[in-house]
Amino acid sequence: MTQPLRPDLTDGVVRLRAPKPSDAAARFKLGNTPEIHQMFGVDPKHVPGITKDHAQKWYEAQAVEPLAWVIEYKKRMIGALRIHSVNTWDARASFAIGILDPKALGKGIGTRATHLIAAHAFGALALHRLSVRVLDFNARAVACCRKVGFVEEGIERQSSFCAGDWHDSILMGLIKPEYSPAVYPARKPRKAAKPRAKALA
Ligand SMILES: CC(C)(COP(=O)(O)OP(=O)(O)OC[C@H]1O[C@@H](n2cnc3c(N)ncnc32)[C@H](O)[C@@H]1OP(=O)(O)O)[C@@H](O)C(=O)NCCC(=O)NCCS
């Protein structure tokens with residue numbers, strides 16, 4: 001049997017999985033957070049509220065992308081990521097990530113998800129290079145990508161007009177020979193359940 005294009009990817013804490021129809025309702029619940037949408041280049045003062053129609057279209061957009069996964073944390077859908085612009089001849093592609101739950105930011109989830117996608121890109125997908133573009137004010141995304149091994153390779157000057165000002169895009173890249181997969185400490189084994197002596201007596 002051939003390997004599915006987007007298998008479940010997990011490190012035991014974060015799970016990347018193919019989108020499913022119930023993600024539309026989950027996306028609606030997450031709403032639109034100005035702080036997050038600003039990182040995609042939207043003026044935070046003009047972020048529209050989410051509608052059910054929007055959430056449905058968001059789900060459909062993930063579902064038709066062959067290399068889009070949703071990010072699950074504690075069994076909840078909290079965002080999405082995708083590999084796009086694949087060039088098979090040069091074995092390179094770009095990736096984009098968005099955690100959409102403001103409460104889930106800054107907890108290491110993005111770093112874990114980026115590691116999962118990098119390991120998959122250089123493993124099953126046999127890519128040699130992964131690129132990402134980050135707006136110059138998105139220090140968290142730069143830090144996250146650096147932690148996974150991406151390096152800043154260039155600046156695309158004044159490529160985004162956001163909140164009344166021009167911003168640069170930072171171009172970051174990771175190549176297979178330089179990638180070291182994440183090593184996380186082993187999780188403590190669960191305590192064995194106490195024998196229910198009384199109940200059985
Ligand atoms: C970018 C993103 C994926 C990072 O994921 P995250 O789970 O929030 O970030 P992490 O907790 O993994 O943090 C990674 C590093 O960023 C640093 N960081 C966290 N919050 C930060 C902040 N507000 N400013 C600067 N650095 C920050 C942390 O120090 C961490 O490094 P450390 O573990 O060595 O301390 C996530 O924040 C996100 O999706 N944001 C909204 C959309 C977006 O920016 N997408 C990226 C566009 S390319």
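## Around the ligand

Four elements each supply at least two residues of the shell around the ligand: β5 (92-99), α4 (109-122), β6 (129-135) and α5 (139-148). Helices (H or I, at least four residues) and strands (E, at least two) are DSSP runs, numbered from the N terminus. α5 gives the most, with 6 residues.

This is a predicted model: local features need pLDDT of at least 70, side-chain atom pairs count only at pLDDT 80 or more, and totals for chains, interfaces and linings use all residues. Residues are numbered from 1 along each chain as its sequence is written.

In total, 22 residues surround the ligand. A residue counts as near when its C-beta atom, placed from the backbone, lies within 6 Å of the molecule. The closest are Met39, Ile99, Gly110, Thr111 and Ala143.

## Helix α3

Helix α3 covers residues 52-64. Its 13 residues reach 19 Å from first C-alpha to last, close to the expected 18 Å (1.5 Å times one less than the number of residues).

Ala55, Tyr59 and Gln62 are the buried residues of α3 (buried: 20 or more other C-beta atoms within 10 Å of a residue's own; exposed: 12 or fewer; partly exposed: in between; C-beta atoms placed from the backbone). Down the axis of α3, they fall within an arc of 65°, so they line one face of the helix. The arc is that of the directions from the helix axis to the C-beta atoms. The face turned away from the buried side carries the exposed residues Asp53 and Val64.

## Cysteine 162

Cysteine 162 sits in strand β7 (residues 151-162). It counts as partly exposed, because it has 17 C-beta neighbours inside 10 Å.
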